[in-house]
Structure formats: C-alpha cells, structure tokens
Amino acid sequence: MKAILDLLFPRRCPVCGEIVRPAGSLICPSCLPELSFTTPPVCKKCGKEIADETVEYCRDCMARPHTFEYGVALLNYNEAARRSVSQIKYNNKREYLDFYGKALAARYAGTIARMSVDAIVPVPVHPSRKRRRGFNQAEVLAQILGKYLNIPVSPDLLIRTRKTHPQKDLTPRERLSNLKGAFTAPPIPPSIRSVLLIDDIYTTGSTIEACTCTLKTAGIRHVYFAVICTAGGR
Ligand SMILES: [Zn+2]
Ligand SMILES: [Zn+2]
C-alpha cells in the first residue's frame, strides 16, 4: 500500500523540492548535508550553539532572562533551512514537516522524555492566517512529534487573539511589545502541569517567552520547547 502511495504521490525533498530517491526516504541523501544540525556545546536554556563550553548560556539568554525551562533545536537557520521553512509556510509544502518531525523525535526522544510533559502545545497562528494558509505548521509538526513520542497534543491550550506584525524586522524589545496580549489560555485542566511548546523558528525567543508567560499565568508549572531551527547561534 505504501509503495502504491509513493508511486501516486511521490515524496518531495524538503531541501531541493525534487522527488526523493530512494522511494520511502523523506530527504535526498545528497541534500542532507545542506542542513546544519546543531552540535554541542549548546546553550542550556535555548539550545543555540555556543562557541565556548566554559559558559552555560548564549549571549541572548545571559542578557534576557527567560521564564521557560529550556528548549531544543534541530537545525541552525542557514539558507537551506530558510528556503525549506518558507516553502512549508508560503507554498503549502506541509509534507516537509514529516521529515522534521521524525528527525526531532529521533534526536530528542530522550531529552523530551526527561521533560515528562503532559501535553505538546503548538504555537498558534491567528485564525485568519491559518485559514489563508490552510494549516498551522507548528500544529502539524506537533501532531507528527506527538505520534512518534506518544504524547497527547493540545492545540487548544493557547489561542492567538491578536494578529501581530511579522517579527523579523523588529528589535528584541519591539518583538516583545509586538506580542503583548497576542496569546491567551483557556482554563487549563489540572492534569496538565508541564507542556512542550512547538514552533518552527526560534530567534530571540520572544514568541516562546510570550507563550510561556500566558501558560504559566494560566497555571502551567513547567514549559519547555522544541523548534525546527534556531537563528544566530555560535
Ligand atoms: Zn533533495
Ligand atoms: Zn540561549
């Protein structure tokens, strides 16, 4: 059955966009080296690569305290990652998330097990954006990761109440105020005390930070995160 599906809907590579050979793989073996997987030492808070293993945190995390516990990132945000993520978001290539979800699960299964979270929560996009795009990339990624790691996914624990300007052209301070009041959380079931937030990119951490503050105000004790890529490490 799977072979027939592969024939009918050949899998496209998240890096080059061509049909993947051999069939059944999620990425061309020759494209894999174009992605830059994070390697130690990494910041103990945000997972960005750091140059010096004698320090615990990256410059960002030393300058700005975060209220989340800690997080992990699969890739450094290089040109191949940038193209791949923008294809997912703006060109409907959600199938690429199968590769990233599987790779995140394979690499961080142990770390995520130690977090012992009760639920995976995708960073929400505004409903109008989700309607236009047809899906929320963080939610699709969360579902894939949840399936591999056998952790329930709760997309309803965070709601995006306000549309925000794109974060990429803003300073860290502007990013935070841009996100003020952007998220809200409904009453949280008492059985959920720890969550793993999922997003595509971590830059200065203001989105994850804003989500964490909302969740902790609503009663969540521990917030961790996992992202596909992290920008500006080492
Ligand atoms: Zn390829
Ligand atoms: Zn850091």
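Biologist: Which protein donors does the zinc ion (ligand 1) have?

Modeller: This is a predicted model, in which local features need pLDDT of at least 70 and side-chain atom pairs count only at pLDDT 80 or more, while totals for chains, interfaces and linings use all residues. Residues are numbered from 1 along each chain as written, chains are lettered from A and ligands numbered from 1 in the order written, and side-chain values use heavy atoms, without hydrogens and water. The donors (N, O and S atoms within 2.8 Å of the metal, or 3.2 Å for Na, K and Ca) are the SG atoms of C13, C16, C28 and C31, at 2.3 to 2.4 Å from the zinc ion.

Biologist: And what geometry does the site of the zinc ion have?

Modeller: The site is tetrahedral, with angles of 101 to 117° among its 4 donor atoms, where the term asks that all angles of four donors lie between 85 and 135 degrees.

Biologist: Changing topic, which domains does the assignment give?

Modeller: The protein chain has domain 1 (1-34) and domain 2 (35-230), with bounds that come from an automatic or database domain assignment.

Biologist: How many salt bridges are there between domain 1 and domain 2?

Modeller: The count is 1 salt bridge, meaning a side-chain nitrogen of Lys or Arg within 4 Å of a carboxyl oxygen of Asp or Glu.

Biologist: Which side chain does R11 meet in a salt bridge?

Modeller: R11 meets the side chain of D98, with 2.9 Å from N to O.

Methods. Tetrahedral: all angles 85-135°; square planar, octahedral: opposite > 155°, others 65-115°.
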